[in-house]
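Here is a short report on one protein chain. Keep the sequence and the structure open while reading.

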Amino acid sequence: MLDQISHPISKEILTSGLSYSGYRELIDRLLAEGKTTGSNHSESNINYTKMNVARMNRVDKIGKVSAEMESLIRSIQKPQTWLIITEAWCGDASQSIPYIAKLVELNPLIDLKIIFRDENPEVMDHYLTDGARSIPKLIALSHDLEEELFTWGPKPKYLRDRFKAYKNDPKGISPKEFSEGTYLWYARDRNKSIEQELFKAISEIENK
């Protein structure tokens with residue numbers, strides 16, 4: 001049975017959300033002003049955002065949706081809203097959001113909205129991961145917002161498990177080395193893990 005729950009996502013919040021193209025345009029505009037999303041416009045966050053633009057460009061260009069996944073997405077017959085909570089400086093978001101946008105393009109019944117974590121704490125705090133405001137977070141809802149269909153994020157299971165292991169026992173690996181290992185994994189995985197996890201979540205809903 002689908003989750004019919006009380007959640008903080010309202011039509012007003014969705015109205016404030018951005019499309020993927022609007023999200024990309026906002027990031028470009030902010031960078032031109034020496035800023036990023038959120039309240040922390042530090043040099044490091046701006047540099048992260050610049051790197052993320054390059055990563056998103058890469059996924060936009062070479063990212064692929066499998067024939068099986070495309071068939072599943074096109075088979076969705078009821079309107080849905082997919083809400084993503086994120087920030088422009090988030091590295092994991094730069095890998096997953098462009099792929100999710102490719103899925104949405106395959107079916108006009110799916111409406112994608114992107115909102116920012118720090119501007120929407122009441123939403124973010126409803127979708128914590130192990131008590132943390134980890135992003136990106138994808139929440140799929142029925143069009144009337146009455147049903148939560150599934151959630152995903154903030155990253156593929158392999159990386160969530162890897163992060164937990166690192167926090168418990170760094171084993172002499174520096175944060176820089178750990179981060180580099182994460183993006184090497186993303187480059188080799190080519191969105192396959194994201195696709196597999198979303199395929200499972202969507203299939204379970206469609207088969208009910």
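## A buried leucine in a loop

L106 is buried, with a relative accessible area of 16%. The cut-off for buried is under 20%, so L106 falls on that side of it. This is a predicted model. L106 sits in the loop between α5 and β2 (110-116).

What is L106 in contact with, leaving aside its neighbours within four places in sequence? The partners are V65, E70, I73 and R74. D92 is 14 residues away from L106 along the chain. The C-alpha atoms of L106 and D92 are separated by 23 Å.

## The largest pocket

D92 also belongs to the lining of the largest pocket. That pocket has a volume of about 900 Å³. Its lining counts 28 residues. Those nearest the pocket centre are D92, I135, K155, F163 and F178.

Four helices each supply at least two lining residues: α3 (43-62), α5 (91-104), α7 (157-168) and α8 (175-189). By class, the lining holds 12 nonpolar, seven polar and nine charged residues.

## Aromatic pairs

A pair of aromatic rings is described by the distance of the centres and the angle of the planes. The count for this model comes to seven aromatic pairs. One of them is formed by F163 and F178. Their rings are 6.3 Å apart, centre to centre, with 50° between the planes. That makes the pair tilted. F163 lies in helix α7 and F178 in helix α8, so the pair ties together parts that are 15 residues apart in sequence. F178 counts as buried, at 11%.

W185 and Y186 make another pair. Their ring centres are 5.5 Å apart and their planes stand at 70°, so this pair is edge-to-face. The angle clears the cut-off, which is over 60 degrees for edge-to-face. W185 and Y186 are both buried. Ring pairs also join W185 and Y186 with Y158 and Y183 in a cluster.

## Arginines over rings

Which residue lies over the face of Y183? It is R55, at 3.8 Å from the ring centre. Y183 is also a member of the ring cluster.

R162 lies over the face of F178, at 4.0 Å from the ring centre. F178 thus has two partners named here: R162 over its face, and F163 in the tilted pair.

## Backbone exceptions

Most residues other than glycine have a negative phi, and most peptide bonds are trans. Some sites in this model depart from that pattern.

A cis peptide bond joins I135 and P136, with omega about 5°. P136 lies in the loop between α6 (121-124) and β3 (137-142). I135 is among the residues nearest the centre of the largest pocket. Another cis peptide bond joins G153 and P154, again with omega about 5°. P154 lies in the loop between β4 (148-152) and α7.

L145 has a positive phi, near 70°. It is found in the loop between β3 and β4. L145 is buried, with a relative accessible area of 10%. N191 also has a positive phi, near 70°. N191 is found in the loop between α8 and α9 (192-206). N191 is buried too, with a relative accessible area of 8%.

Technical notes:
Residues numbered from 1 in each chain as written. Predicted model: local features only at pLDDT ≥ 70, side-chain atom pairs only at ≥ 80, totals over all residues. Heavy atoms only, no water. 1 Å grid on protein atoms, 1.4 Å probe; cavity = no way out; pocket = protein on both sides within 12 Å on 5 of 7 lines; lining within 4 Å. Points joined across faces, edges and corners; volume = space filled by probe spheres on them. Nonpolar A, V, L, I, M, F, W, Y, C, P; charged D, E, K, R; others polar. Phe/Tyr/Trp six-rings, centres within 6.5 Å; stacked < 30°, edge-to-face > 60°. Buried < 20%, exposed > 50% of the residue type's maximum accessible area, 1.4 Å probe, protein only. Lys NZ or Arg CZ within 6 Å of the ring centre and 35° of its normal. Contact = heavy atoms within 4.5 Å.
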